[in-house]
Amino acid sequence: MSISTTGSAENPATDLGFLLHKHPGKVQRFTTSHGEAHVFYPEAGDEVCTAALLLDIDPVALVRKGRGDGRGRGGSPDFALAQYVNDRPYAASSLLAVALRTVFRSAMKGACPARPELPAQARPLRIELPAVPANGAGEGGGPAMVARLFEPLGWRVEAAAVPLDESFPEWGDSRYVRIALVSEAARLADALQQLYVLLPVLDGAKHYWVAPDEVDKLLAAGEGWLAAHPERALITRRYLARRWSLTRAAMERLELARLAEADDREVEEIDNAVDDRPEEAGARPEEAGAQGNGEQPAEPERPRPPSLAEQRRAAILDSLRETGAARVADLGCGQGELIGELLKDARFTGILGVDVSVRALQAASRKLRLDRLPERQAARVTLAQGALTYTDARLKGFDAAVLCEVIEHLDLPRLPALEYAVFGAARPRAVVVTTPNAEYNVRWETLPAGTVRHADHRFEWSRAEFGAWAEKVAAAYGYTVVLRPVGPQDEEVGAPTQLALFTAAVDTPAITGAAATTGAAAATGAPNTTTPEGGEPR
């Protein structure tokens, strides 16, 4: 493989040597797990500089390392011969990617202590690989696959199939491709990271054991570009040698990264399986069912009154039964507490739980024991990963949707996107929304004045604010709305939770108003992906 760049007297091309941490005036040799790697510079001047990496495979050492006695699977002589007679010394395969990581580790990290300003600079780059295996296996190989992988990253791709034998053109093309990648402005670290991932993808068959830590390597090298790549599923599957469990884990983490980037948040903020509703933990006596003055029940031996979380779920179930809903989508389902209650009632024949957090869905699957439920019972439940601020075809066709303590976790500018995705695009016949009543916060003795109930709450509304929002959404999307209190009523500040039951107006399918237009623009982004686990966990 060769890497070339151009420059001038003011910005010499030989700066490439600083970036690669390899002196242009020397030939250097490095020991890798598969042979000797050599780095040298065919040309090194102010105007043009080219660095070349040559990996000299040691086939004997490779066999000994991978097979022990070198006899191959089951001692087959044919397989043993294939270990020595193959294309590894000649083609840029996954072994070259390993050499890249070994020889150019600092360059891949963007580290350059001698010239710290260089790694961030974009520069002209031309990368040439004379022979790269591009196996299709039903996925479209050859030059077309090279273009699918590199063009979305901003490279101009020059790829041509290598003929089996130039003297006999009627034999056709081989499975190898001659590649040149050209960019007028690219960071060298980015280019090396992309090659580290995509060379094994083109090869389609890693020449070493794919362990679970390969997922971490993939995501580290793909940071900043892989999550948004249109071929990320193909890349992930082939990089991980089609090991389904590893591919699923990687796709889940990539989807989280994509959603986090779209919402301009950290992954840790949205992949949080910890119960973030203090009311449900029963930590405060008021929330466990005592009166708003904070007094404990006078008779300890009495049965424990229902917690606020239990009262909330009961109120939601009552509202759903009132609408006659059979198929219900729990949007922002968390660890599946409401889904567990829905499963107890046979009238709810189809239940979809959607959450952005992989860990929350995994916890829900365990808590609901989906893998142990009878087949007919388990078939009622589907768990799926998704962001509620994007339109999602999977949400259509449900009788009712529930947003239980969800909206307050969104930044207010993102709320119109959720409104459109749920009320406009999915458009169930009924929607149940619950959210904290900010006025009631003064009754929590342990809650400092002026603060919200949980650090992740972006806002908490008074009864008037929630009512105004509900009326606005109902008018914009053709629903009627009824507001109800949930929990112990206080004459002065109301109940701790407020509930809105939206019902679609008959024969009003149209979406109207500026709010709908704003929501549609914000909510129509990249489609969500689903990764199965148990039912269809995200």
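Reader: How many of the 10 residues of helix α4 (residues 94-103) are buried?

Author: This is a predicted model. In it, 8 of the 10 residues of α4 are buried, so this helix is largely enclosed by the rest of the structure. The buried residues are Ser94, Leu95, Leu96, Ala97, Val98, Ala99, Leu100 and Val103.

Reader: How should I describe two helices that pack together?

Author: Two packed helices are described by the angle between their axes and by the distance between those axes. Consider helix α6 (residues 142-150) and helix α7 (residues 188-203): their axes come within 11 Å and cross at roughly 155°. Angles over 145 degrees count as roughly antiparallel, and α6 and α7 are therefore roughly antiparallel to each other. The crossing of α6 past α7 is right-handed.

Reader: Which residues of α6 and α7 make the contact?

Author: From α6 come Met145, Val146, Leu149 and Phe150, and from α7 come Leu195, Leu198, Val201 and Leu202. By class, this contact holds 8 nonpolar residues, no polar ones and no charged ones.

Reader: At what angle do the axes of α6 and helix α9 (residues 232-239) cross?

Author: They cross at roughly 110°, and the axes come within 10 Å. Angles from 65 to 115 degrees count as roughly perpendicular, and α6 and α9 are therefore roughly perpendicular to each other. This crossing is left-handed. Met145, Arg148 and Leu149 of α6 meet Leu234, Ile235 and Arg238 of α9. Here the contact of α6 with α9 includes 2 charged residues beside 4 nonpolar ones, with no polar residue.

Reader: Which residues touch the most other members of the largest nonpolar core?

Author: In soluble globular proteins, nonpolar side chains tend to be buried together. In this model the largest nonpolar core has 66 residues, and Phe150 and Val197 touch the most other members. Helix α7 gives the most to this core, with 10 residues. Leaving aside residues up to four places away in sequence, Val197 touches Leu218, Ala221, Gly222, Trp225, Ile235 and Tyr239. Another core, of 35 residues, lies apart from the largest one; Val354, Val422, Tyr477 and Val481 are among its members.

Reader: Where is Gly141 found?

Author: Gly141 is in the loop between β5 (123-133) and α6. Its relative accessibility is 28%, so Gly141 counts as partly exposed. The C-alpha atoms of Gly141 and Leu202 are separated by 7.8 Å, although these residues are 61 residues apart along the chain.

Reader: What should I look for in the backbone angle phi?

Author: Most residues other than glycine have a negative phi. Arg369 is not a glycine, yet it has a positive phi of about 55°. Arg369 is placed in the loop between α15 (358-368) and α16 (375-378). Glu405 likewise has a positive phi, near 55°.

Reader: Is Glu405 buried or exposed?

Author: Glu405 has 2% relative accessibility and therefore counts as buried. Glu405 lies in the loop between β11 (400-404) and α17 (415-426).

Technical notes
Residues numbered from 1 in each chain as written. Predicted model: local features only at pLDDT ≥ 70, side-chain atom pairs only at ≥ 80, totals over all residues. Heavy atoms only, no water. Axes fitted to C-alpha atoms, helices over the stretch in contact; angles between N-to-C directions. Helix = DSSP H or I, 4+ residues; strand = E, 2+ residues; numbered from the N terminus. Parallel < 35°, antiparallel > 145°, perpendicular 65-115°, else oblique. Left-handed = near helix turned anticlockwise from the far one by under 90°. Contact = heavy atoms within 4.5 Å. Nonpolar A, V, L, I, M, F, W, Y, C, P; charged D, E, K, R; others polar. Core = buried A, V, L, I, M, F, W, Y, C linked by side-chain atoms within 4.5 Å. Buried < 20%, exposed > 50% of the residue type's maximum accessible area, 1.4 Å probe, protein only.
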